[in-house]
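Hello,

Here is the structure I promised to pass on to you. Please open it alongside this email, and my notes follow just below.

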Amino acid sequence: MTGADALFGVFAALACGGALGVAAFRSVARMAFSLVVCLSAVAGLFFLLNAPMVGATQLIVYVGGTVVLLIFGVMLTDAGVGRRMKIGLLETISMTFIAIGLAAALGWTAVGLGRAIPGAPVLDEEGVEIVAATPDTLRPIGLKFLGLGGESGVGFLLPFEIISVHLLVVLIGAAYLARAKRRVDATPETPPEATRETASDGLGEQA
Amino acid sequence: MDLAGHLLIFAVAAIVALAAPLTLGRLIRPKNRTPDKSAIYDCGEEAIGSSYLKFDLRFYVVALLFIVFDVELAFLFPWAAVYGSAIALTDPTLSEGVRLGLTERLGGHTPGTLPIEATLTAGDATRLAIGGALDLAVFFGVLLVGFAYVWKRGDLDWVKTVAGQARQDALR
């Protein structure tokens, strides 16, 4: 057993523990923290499986972004972080069945795949590395983003640039939707608490 | 011992170094709890209300903006690796062996498999670096349009309506 195998076990246990925590805790704040543990452990698994791009994306987008947004969403709503979730019996039973089915499907797939961790480097008689344990996968992706590399020499330059246009649409759409609606009858007498959330969009300045 | 083993030893050592003093403290410290001791420390002031308070809605816009640029950052990660390798190859004083090794690393080839003719020259590496920088400038420039839009519309202003009100009053 190599260190990578042991580390894989640790990350897998952390991921399972975090996932159980998300399901078992009743406080939303603790659920969110368990989700951070679970997603970070999954990122560690990706790094061990020699997929640094997926691992980094997992860390940056899911752990760093989505969970933060989740916590913000909870904090901003009236329910608050201290709220304790109430889950009915029917939900518990149905969700248990779904969880068992998912676990069975994933386990069956994992057993069928065999050992997934990239193995130890292949050495010749003098102990010189012939085949690297982990060939780099990050830079080939980066080269493809620049429209180079690969067998055909054609990368994903256009999709890469389209991603930025897509993100631009998301940015403008999110800003538009998050902007609170302007009150039509906004008068100077309105208390500051009420006017603070209204937006001064272009219409407001023309009125 | 491989890298993962080292990481494992490091992690275990960190956990033990944290857990040992905490456990020791729990075992030997006197147990006389008072209400003052278990109170929340709030700069010496009496804590008022719950710490689970509702946050201002304006944080949400900032959070959404953060997510968009966060996703963008994930795409910069492989680009940065390529750019770093290309910049390293632009040095014309590198020896042939080092140059071949760096080229193999850049292309994701197994070490020792690339023929010597495939080595990237300093000129090629410079073109790759410049092309990559321009590529990213376009990628980032498109997103900056959205940033400019959000800035112009005042979504980033914390006291937006006060500023908007002042502009409105000035127009009248």
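Please keep in mind that the model is predicted. For residues 156-178 of chain A, the end C-alpha atoms are 32 Å apart, with 96% helix and 0% strand. Both spans come from the UniProt annotation "transmembrane region", an unreviewed entry, which also covers residues 6-25, 32-53 and 59-77 of chain A.

Next, the aromatic rings. Over all chains, the structure holds six aromatic pairs. One of them is formed by A:Phe145 and B:Phe75, whose ring centres are 6.0 Å apart with 50° between the planes, and the pair is tilted. This pair joins two chains, because A:Phe145 lies in helix H5 (residues 138-145) of chain A while B:Phe75 lies in helix H3 (residues 58-89) of chain B. A:Phe145 has a relative accessible area of 8%, so this residue is buried.

A:Phe160 and B:Phe139 make a stacked pair, because their planes are at 0° and their centres 4.5 Å apart. Here too the pair joins two chains, since A:Phe160 sits in helix H6 (residues 157-178) of chain A and B:Phe139 in helix H5 (residues 122-152) of chain B. A:Phe160 is buried, at 1% relative accessibility, and B:Phe139 is buried as well, at 0%.

To put these rings together: A:Phe145, A:Phe160, B:Phe75 and B:Phe139 form one aromatic cluster.

Key. Residues are numbered from 1 along each chain as its sequence is written. Chains are lettered from A and ligands numbered from 1 in the order in which they are written. This is a predicted model: local features need pLDDT of at least 70, side-chain atom pairs count only at pLDDT 80 or more; totals for chains, interfaces and linings use all residues. Side-chain values use heavy atoms; hydrogens and water are left out. Rings of Phe, Tyr and Trp (its six-membered ring) pair if their centres lie within 6.5 Å; planes under 30 degrees apart count as stacked, over 60 as edge-to-face and the rest as tilted. Helices (H or I, at least four residues) and strands (E, at least two) are DSSP runs, numbered from the N terminus. Buried means under 20% relative accessible area, exposed over 50%, partly exposed in between (1.4 Å probe, protein chains only). UniProt positions are given in the numbering used here, feature names are shortened, and annotations may be inferred rather than shown by experiment.
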